[in-house]
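Here's a quick briefing to read alongside the model. Keep the sequence and the 3D view open as you go.

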Amino acid sequence: MAVLGGVPAVLGTTMTATASGSIADGKPVVINANGTVSQAAVVAGAAMYLYTTDIKTNLVEYFLDEAFAISNNGVHLFQMRQIESHSDGSGGFTFSTDGTKLFTVGLGTDKVIEYALSVAYDINTMKYVREFSVASQDDLPMDLKFNADGTKMFVLGSRGDDVNEYALSTGFNISTASFTDSFGVGSQETDVAGLAFNTDGTKMFVIGTSGDDV
């Protein structure tokens with residue numbers, strides 16, 4: 001049996017471990033056939049998150065019956081969290097590597113906004129921490145990404161059609177961020193929308209709505 005516990009997610013029924021030992025209290029667990037309890041293993045690709053702004057700015061979490069499969073009957077709404085009090089219109093969002101922090105960029109606020117999650121990848125446990133202005137580099141941020149240890153942050157700016165790089169002296173703590181460099185993508189795309197890197201950071205991908213391409 002699997003349980004729902006975050007992303008990468010664990011699907012099924014959630015239980016709480018109360019005994020001391022190798023299983024941490026409050027972590028997702030499974031009941032084995034012989035009646036013993038084990039800490040649940042995560043399943044990559046078992047949850048999906050979307051940013052919506054139809055009426056209010058919401059972060060929405062879904063769970064998937066099959067990892068990385070978005071078939072019509074296999075995607076289920078799990079929970080939704082409004083974040084409009086800190087973000088006036090949505091740009092992009094990303095999690096820290098361990099899922100205990102979430103970062104958004106607000107189109108109307110020109111800021112990166114940091115939230116802490118008391119349970120990794122559980123958006124219902126997120127609380128506002130701080131914000132960091134990127135207006136000096138671009139006043140229309142569209143997306144953001146971090147490197148694996150959070151010591152570099154990249155913000156995609158639509159006004160300048162560029163990727164702005166920041167160094168963080170403490171990983172995933174935006175109060176320690178400082179601007180270091182920028183890279184223009186205007187020759188390829190003049191209406192940028194999304195940003196991604198490959199696993200080791202040796203390739204960068206930008207998607208845009210002007211050329212409708214990556």
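**Around S158 and its sheet**

S158 sits in the loop that joins β11 (152-157) to β12 (162-168); strands here are DSSP runs of E with at least two residues, helices are runs of H or I with at least four residues, and both are numbered from the N terminus. Bear in mind that this is a predicted model: local features need pLDDT of at least 70, side-chain atom pairs count only at pLDDT 80 or more, and totals for chains, interfaces and linings use all residues. Residues are numbered from 1 along each chain as its sequence is written, and side-chain values use heavy atoms, with hydrogens and water left out.

- S158 counts as buried because its relative accessibility is 11%; buried means under 20% relative accessible area, exposed means over 50%, and partly exposed lies in between (1.4 Å probe, protein chains only).
- Which residues does S158 touch, leaving aside its neighbours within four places in sequence? They are D138, L140, M142, D191 and V192, with contact meaning heavy atoms within 4.5 Å.
- D161 takes a positive phi near 50° in the hairpin of β11 and β12, where four residues lie between the strands.

**The four-stranded sheet**

- The order is β10-β11-β12-β13 in an open sheet of four strands with antiparallel pairing; two strands pair if DSSP finds at least two bridges between them.
- At the edges are β10 (141-146) and β13, each pairing on one side only.
- Neighbouring strands of this sheet are turned by 25° against each other on average, direction ignored. For such angles, axes are lines fitted to C-alpha atoms (for helices over the stretch in contact), and angles run from 0 to 180 degrees between N-to-C directions.
- Six bridges hold the antiparallel pairing of β11 and β12, where K152 stands opposite A167 and M153 faces Y166.
- On to β13 (residues 177-184): β12 pairs with this strand in the antiparallel sense over seven bridges, and Y166 stands opposite F179 there.
- β12 is mostly covered, with five of its seven residues buried.

**Salt bridges**

- The structure holds six salt bridges, each a side-chain nitrogen of Lys or Arg within 4 Å of a carboxyl oxygen of Asp or Glu.
- One of them ties D139 to R159 at 2.8 Å, N to O. This pair links distant parts of the chain, 20 residues apart: D139 is in the loop between β9 (126-133) and β10, and R159 is in the loop between β11 and β12.
- D139 is partly exposed because its relative accessibility is 33%, while R159 counts as exposed because its value is 55%.
- K101 and E114 form another, with the closest N and O atoms 3.0 Å apart. These two are 13 residues apart and link distant parts of the chain, K101 in β7 (residues 101-106) and E114 in β8 (residues 111-117).
- E114 is buried, because its relative accessibility is 1%.
- D143 and K145 also form a salt bridge, their closest N and O atoms being 3.3 Å apart, and both residues are buried.
- Shared partners join the salt bridges of K101, E114 and R130 into one network.

**A nonpolar patch**

- F205, I207 and V214 form a nonpolar patch on the surface, with about 300 Å² of accessible area together. Patches are made of residues with over 30% relative accessible area and no salt bridge, joining like charges within 9 Å and nonpolar side chains (Val, Leu, Ile, Met, Phe, Trp, Tyr) within 5 Å; areas come from the Shrake-Rupley method with a 1.4 Å probe, and for residues only the protein chains shown count as cover.
- F205 lies in β15 (residues 204-208) and counts as partly exposed because its relative accessibility is 37%.
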